[in-house]
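The sequence and the structure are shown first.

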Amino acid sequence: MTTSSTATAPRRATGLGNRQQLQQLLAFGGLVVIFVFFSVASPYFLDWANVKGILLATAVTGIMALGATLVIATGGIDLSVGTGMTLCSVMTGVFLANLGLPLVVGVLGGLAIGALIGLLNGLNVAYLRLPPFIATLAMMMVAQGLSLVISGTKPIYFSDVPGFGQLAGGELLPGLPNAVLIFFVAAVLAGVTLSKTLTGRYALSIGSNEEATAISGVDVRRWKVVIYVVAGLFTGLAGVVMASRLNSAQPGLGLGYELEAIAAVVIGGTSLRGGKATILGTVIGALIMATLTNGLRIMSIPQEWQKVAVGIVIVLAVYADMLRRGKEA
Amino acid sequence: MNSSTPRRRLAAVAATASVTALVLALGACSSGSGGAAPGTGDKPYVALVSKGFQHQFWQAVKQGADDAAAELDVEVTFEGPETETEVEKQLTMLQTALDKSPDAIGYAALDSEASIPMMTDAQSRGIPVIAFDSGVDSDVPVTTVSTDNLAASAEAAKHMAELVGSGKIAIVGHDQTSQTGQQRVEGFTQYIAENAPDIEIVDTQYAAGDQLKSADAAKAIMQAHPDLKGIYGTNEGSAIGVVKAVQESGRAGELTVIGFDSGKAQTDAIRDGLMAGAITQDPIKMGYETVKAAVAVIDGEEVEPVVDSGFYWYDETNIDDEEIAAVLYE
Amino acid sequence: MTDGPALLRATGISKSFPGVRALDGVHLDLRPGEVLALVGENGAGKSTLLKLLSGIYQPDAGTMELGGAPMSPTGPRQANELGISVIHQEFHLMPDLTVAQNIFIGREPRRAGLLIRDDELERRATALFERLGIPLDPRQPVSRLSVAGQQMVEIAKALSFDARVLIMDEPTAALTETEVATLFRIVRDFVSPRTGVIYVSHRMEEIKEISDRITVLRDGRYVDTLPTATTATREVIAAMVGRRLETGVRPAPPGPGASDGGSERDSSGHDIVLAVRGLSTRALLKDVSFELRRGEILGFAGLMGAGRTEVARAIIGADRSTGVVEVNGRPVTVRSPADAVRHGIGYLSEDRKRYGLLLDQDVVRNVMLSSLRGMTRGGFVRDADGRRVVEEMVDRLSIRTPSVTQRTKNLSGGNQQKVVLAKWLVRDCDVLIVDEPTRGIDVGAKDEIYTLLTALAAQGKSIIVISSELPEVLRLADRIVVMCEGRVTGTLANADADQHQIMELATRFGADRSLVTTGDPE
């Protein structure tokens, strides 16, 4: 029968499969190329302060992209991560600044709102059978509206909540802002979830062949809800980090962040058709987006052209990935 | 699929709907604001279409407008798009406002060119238009109530020049497509060019007034120009982003930050010494004057073609003065 | 069939789908320790019966018993738990997951109830493969496996449950000789006094080799159950095809020299409109050659998966292939369906709704779709002209529609088929390839389609009819090409052909079947 592909390198690392390593190599290669390019192009680029800036700029979008990766693994899409994140930060503001709840409760509350958003998305997708695009588009609008309504269209400040700003702004590890640390920890959690838990396994399975998964006796609808809830938790986390970094909940922000998150996921080599997903890829994808923007800014390239460049990179990254897979669009 | 019976699906619909309703109810409770339907009663009706809504500045304009409405006994509605880039959405709002046949319209154009057809439309319907915040390239508006942004940003430049003396500075702008956005950069650069030959503006980046993105942009500029001595942020979001960037790079106190508008984050930054000072418009006066001008036009009175709604420079020393505190919003 | 205690028994099973009665009072009993073959023509109801036994469908009437106790599985999972494992004809695998992950999906061993123990999963899979003697690497992604490899995964998955009844639907369709031998060994190892196997296949020699008894279905009805050892293959085939009266054999096509010149003639002097030589595809087709004469209907017969549709797709350039296609004696290069249409070849898919029609558009739009280029002026579609043409065509084909602006989804199956035909006729295609022309069309309308196709042939169109229904092929075709496993196993003149002969050719599996290619080379 088939010559067994020499079973080398047993898969033990988080979120990595044999096949996926190649994929990440590609994305990683891209990141290195971009990095080297800017390092040569500008003497100010390669500098820890700047790298720290890039990492900080990656954190919020990156955390959102982690959750989005899980949803995209099922062949779905989540458009509600951007404004959902905003709603989570506003609710965190309500819990902490308005209601004066303890810090831990407020933060967990923010995460819970994310889970609630995911729950509604999941129910709409799994039980009402709405296409994920529609269900999460609706949620995107609902979350945006609710953020404005709940906050009374005013930012909620955390000035009177001691310690909240330190959550993302402090440095538990000297030199590394907590926001970045949280992002990395979240990435590891997401990686484990994707590769080592039923949630991740069934997400890939559903994305690979939903009908076969159902016939194999997996309760596809229930697991879809679980997957969206887990993704929602990451949205919640992004909201809390965002709020902490700005020390305020800005109800007007968020729209458009979902597309950046999706772009990061796609650049990382996760297939929008589902079945193939990698967390490390998503992390690299998010880094590529942030690095590109940062580098172009350092070179004083106008914002208009920065967007053009990012668009081109998305096309290149996804096309290269398709070429590598060698078939099908 | 034989898996989902209609009944079960119905139950799912009900469940989802009720959770959504719950969330909505929760939201409604915590907001507590409700508006009366416009166009009722015999009072003159003035519809205001602003550039934004959730932003504090526009809320202050709304407050001024509401004050005037109460004082002059007219009915005022106030709406605006969520972000200041949604030109198309604003035009739809303007169209809807026109369709309600108000006695006058107050309009702050996000894109002056784009709104010209609707200005003509308003004229043909005989609805007077009062432009506020920024002008419209049209002779339809009977008057324009606005901050003189060129003068205001020149004032910012003057303080920047005094504080920095000489060296490199940069600008983080919020919008390169609106007149306001352009003038806030233009007035600044012009003043520097004419009055401060020792100061060089090395970069101007735009970040849509988004705090995070403005912070990223400011950091990149600081990175590219390590000897940078000052940054000017052209609106609230930009300015807060710049402060954030300076703070996160651990260079607080080394750079002179000058902002625009107010908001709690900005006033806090000034109190904490992170920001040297900022220009504030007088949004309350702007809203007030807009409605006042509208009422004057409705009553057939003459109005000046331009009404200056004023601006102030504020810093640590005068931030708590009564005159200043009145126009600063949180 | 009531003798002996049954392991699995189904009595009086009926099942209908909208418009179709798939099963009508079917019986089946599986004795402990036996392999029961289930045979029947395409559409006889075998797959439906299997889906009822495995809980994917529920019967409208009838009872099922397992080991004497009534059973009514409500889902595949429950059937598994009852001890019924099914290997479906179509794979139910997740290509992006590994072999081991596929086999144990839904049953993953976990650490602390949370983290999946992939090492344990792979250990179990390895143990399973060793027991079954299957050389598979549990860590391979399924997408990297050949079709045979995937089939083996399905088999291993089915056997990983503690099954009492193993149901296999065409398990050897993709296997090579050696793999078939492995499979048979696995089946024999599996059979014990407390277990049994239901084996569905078209391959008579395999059935002879592996089964104890044979249950025959025809047209959704139970025909007979025969002991394998004492029944000749011919008798089984006779039971499958039955004795159906064939009516309306069409008159012979126009004789030699009946048409204008410019085209090639074969030895008997017929005009050759389309000649195909040595057509092969990577996946299935091997050296397919045939000729289509002007004004003839050429039938393509064969079992499911024989490659008939693939031939059509290769000719119209929908799939990549090697070989020569000549139109009117000149070799042509067809890289896409658009090329094919340019050369006057129109294809009517078996799946009208998916590939043939714009269901939400009206008759005019559908018919004119392929001819829009010729119907525009300055880039604008001349709807009025199109409408006139379509009205003529509606008349000519007697398409029953209230108006030409009716959406095609509101038409009956037969009239939808005519709309698709009209599309190619307006485009002036000389060669029509019609795949399953009467699928999903009710009996009355079938006749109308037959008459129409025959009339078109009489008018000089050349038509290839691909059909799984032998009576249909026999009724329409002048000559019949029979295929089996991607090869042409015979070409018969209609006058010489009968169902037995065709069935024999259709089940003539090559003795030298080579190793199946490994899919997805990277």
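How closely do the axes of helix α3 (residues 81-98) of chain A and helix α4 (residues 103-126) of chain A come, and at what angle do they cross? The two axes come within 8 Å and cross at roughly 150°.

## Basis of the description

This is a predicted model, in which local features need pLDDT of at least 70 and side-chain atom pairs count only at pLDDT 80 or more, while totals for chains, interfaces and linings use all residues. Residues are numbered from 1 along each chain as its sequence is written, and chains are lettered from A and ligands numbered from 1 in the order in which they are written.

## Chain A and its helix pair

Chain A holds 13 helices and 2 strands (DSSP runs numbered from the N terminus, helices being H or I of at least four residues and strands E of at least two). Its C-alpha trace spans about 70 × 55 × 35 Å along the principal axes. The radius of gyration of chain A is 20 Å, which agrees with the value near 20 Å for a compact globule of 329 residues (taken over C-alpha atoms, with the globule rule being 2.2 Å times the number of residues to the power 0.38).

The crossing of roughly 150° between α3(A) and α4(A) makes α3(A) roughly antiparallel to α4(A). Axes are lines fitted to C-alpha atoms, for helices over the stretch in contact, and angles run from 0 to 180 degrees between N-to-C directions; those under 35 degrees count as roughly parallel, over 145 as roughly antiparallel, 65 to 115 as roughly perpendicular and the rest as oblique. The crossing is right-handed (the near helix is turned clockwise from the far one by less than a right angle; anticlockwise is left-handed). Residues of α3(A) including A:G84, A:L87 and A:F95 meet residues of α4(A), among them A:G106, A:G110 and A:I117 (contact requires C-beta atoms, placed from the backbone, within 7 Å). This contact divides into 10 nonpolar, 7 polar and no charged residues (Ala, Val, Leu, Ile, Met, Phe, Trp, Tyr, Cys and Pro count as nonpolar, Asp, Glu, Lys and Arg as charged, and the others, Gly among them, as polar).

Helix α12 (residues 279-298) of chain A and helix α7 (residues 211-224) of chain B have axes that come within 8 Å and cross at roughly 50°. That angle makes α12(A) oblique to α7(B), and the crossing is right-handed. On the α12(A) side the contact is made by A:T293, A:N294, A:R297 and A:I298. By class, it has 5 nonpolar, 3 polar and 2 charged residues.

Between chain A and chain C, the contact takes 23 residues from chain A and 30 residues from chain C. Helix α8(A) provides the largest share of the chain A side, 5 residues. That side has 7 nonpolar, 12 polar and 4 charged residues.

## Domains of chains B and C

Chain B is assigned domain 1 (45-147 + 283-310) and domain 2 (149-281), with bounds from an automatic or database domain assignment. Their C-alpha centres lie 29 Å apart, and the contact takes 14 residues from domain 1 and 13 residues from domain 2.

In chain C, the C-alpha centres of domain 1 and domain 2 lie 26 Å apart. The contact takes 13 residues from domain 1 and 10 residues from domain 2. Helix α6 (residues 177-190) of chain C gives the most to the domain 1 side, with 6 residues.

Conventions
Two residues are in contact if their C-beta atoms, placed from the backbone, lie within 7 Å.
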